[in-house]
Amino acid sequence: MSTQVKIINHSKNPLPEYKTEGSSGMDVRAFLAEKIEIKPLLDAGVHFGHLTRKWNPNMAPYIFMEKNGIHIINLYKTASKMEECAQALNKIALSGRKILFVATKKQAKEIVAKAASDVKMPYITERWPGGMLTNFVTIRKAVKKMSAIDRTKQDGTFETLSKKEKLQIDRLRAKLEKNLGSITEMTRLPGAFFVVDIRIEHIAVREAQKLNIPIFAMVDTNCDPREVDYAIPSNDDASKSIDLILSHVSDAINGGLSERQKEKEAAEVIKEKEATQEEVTKTQVEKEDKPSEEVKTGEKKKRVRKKIITKKEE
């Protein structure tokens, strides 16, 4: 028996013919894998969306088709959006601003923490602390409290406390480390925001919107892409999908950071050259001044001799 596949075409261009003939026929994966650049996305399951009844109509431009009650994401649009996001993140990293990664869902925690730490960027993988961006001053105070506890342990004042007080401080330190330990180096508001699953992280997204911080996000078929500035239509539930997209994002950020480092090194080399040139010009000027001074002193001596000779003649 032949299976029916409902194709949703939201673009003006007509879709190519697609037929399935039982189990031996061509399926969605085989159809989309015809182009080599899409194959890694396909193997990671980036194209799988949510059930059709859970979809968000604003995701219609990114949906390729519907099969067995599940929406299939158009991977060609995913690839183009990934490239667009990579270019924007590269520029932000090149400018020296921090990019905050946010993912509190179970399957994304470890992947996001690893990807962010590899590029030395702050991240939140535990509960989002309310007011983290809109009330950043208070959050910074909590981070400073954590560093103050560390200082007391180093200078020996921690040992003078009672056993109960030590236990309370240790618990407070562990709690702060769990929630805010990954953002200790973030001294000001981030330049960008990368989110996995904007439905779960809706509070974080609202805060970023209030402060006009550009939002990059993995957006599934049940999300509204209008809430973010740079949406990557993709499966935000599969760990392989998250890992693949985050590796692409971290590579783009790494590229920006390496370019920034090269620019710094080039600027230092230019400064050193300028300093050496200044020293050379100073030495040349000093050398030029010395013979002129010698000439002047010689002329003075001659004048003095002439005066002495004239006096004797008189």
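Mentor: Start with C223, which counts as buried at 1% relative accessibility. Keep in mind that this is a predicted model.

Trainee: And C85, buried or exposed?

Mentor: C85 is buried, with a relative accessibility of 1%.

Trainee: How many disulfides does the count come to?

Mentor: The count comes to zero disulfides. A disulfide would be a covalent bond between the sulfur atoms of two cysteines.

Trainee: OK, charges. How many salt bridges does a search of the whole structure find?

Mentor: The search finds 12 salt bridges. Side chains of opposite charge can pair when their charged atoms come close. One of the bridges joins D236 and K105, at 3.9 Å from N to O.

Trainee: Where in the chain are D236 and K105?

Mentor: D236 is in the loop between β8 (230–233) and α8 (239–313). K105 sits in the loop between β4 (99–102) and α4 (106–118). The two are 131 residues apart, so the bridge links distant parts of the chain.

Trainee: Is that pair buried or exposed?

Mentor: D236 is buried at 0% relative accessible area, and K105 is buried at 8%. Buried here means under 20%, so both values qualify.

Trainee: What about E126 and K109?

Mentor: Their side chains also meet in a salt bridge, at 3.8 Å from N to O. E126 is in the loop between β5 (123–124) and α5 (136–155), while K109 is in helix α4, so the bridge ties together parts that are 17 residues apart in sequence. E126 is partly exposed at 23%, and K109 is partly exposed at 26%.

Trainee: And D224 with R226?

Mentor: That salt bridge has an N to O distance of 3.1 Å.

Trainee: D197 is new to me. Where is D197 found?

Mentor: D197 is found in the loop between β6 (192–196) and α7 (202–210). It counts as buried at 7% relative accessibility. Its backbone has a positive phi of about 70 degrees, although D197 is not a glycine.

Trainee: What is the phi of N68?

Mentor: N68 has a positive phi too, of about 50 degrees, and is not a glycine either. It lies in the loop between β2 (63–67) and β3 (70–73). N68 is exposed, at 67% relative accessibility.

Trainee: Now the inside. How many residues does the largest nonpolar core have?

Mentor: It has 35 residues, and F101, F194 and I253 have the most contacts inside it. In soluble globular proteins, nonpolar side chains tend to be buried together.

Trainee: Which element gives the largest share of this core?

Mentor: Helix α3 gives the largest share, seven residues. Other elements giving two or more residues include α2 (39–43), β7 (215–219) and α8.

Trainee: What does F101 touch?

Mentor: Leaving out residues up to four places away in sequence, F101 touches several residues, among them V112, A116, Y123, F194, L246 and I253.

Trainee: What lies apart from that core?

Mentor: Another core lies apart from it, with 31 residues, including I63, W128, V195 and A217.

Terms used. Residues are numbered from 1 along each chain as its sequence is written. This is a predicted model: local features need pLDDT of at least 70, side-chain atom pairs count only at pLDDT 80 or more; totals for chains, interfaces and linings use all residues. Side-chain values use heavy atoms; hydrogens and water are left out. A salt bridge is a side-chain nitrogen of Lys or Arg within 4 Å of a carboxyl oxygen of Asp or Glu. Helices (H or I, at least four residues) and strands (E, at least two) are DSSP runs, numbered from the N terminus. Buried means under 20% relative accessible area, exposed over 50%, partly exposed in between (1.4 Å probe, protein chains only). A disulfide is a pair of cysteine sulfur atoms within 2.5 Å. A nonpolar core is a set of buried Ala, Val, Leu, Ile, Met, Phe, Trp, Tyr and Cys residues joined through side-chain atoms within 4.5 Å. Contact means heavy atoms within 4.5 Å.
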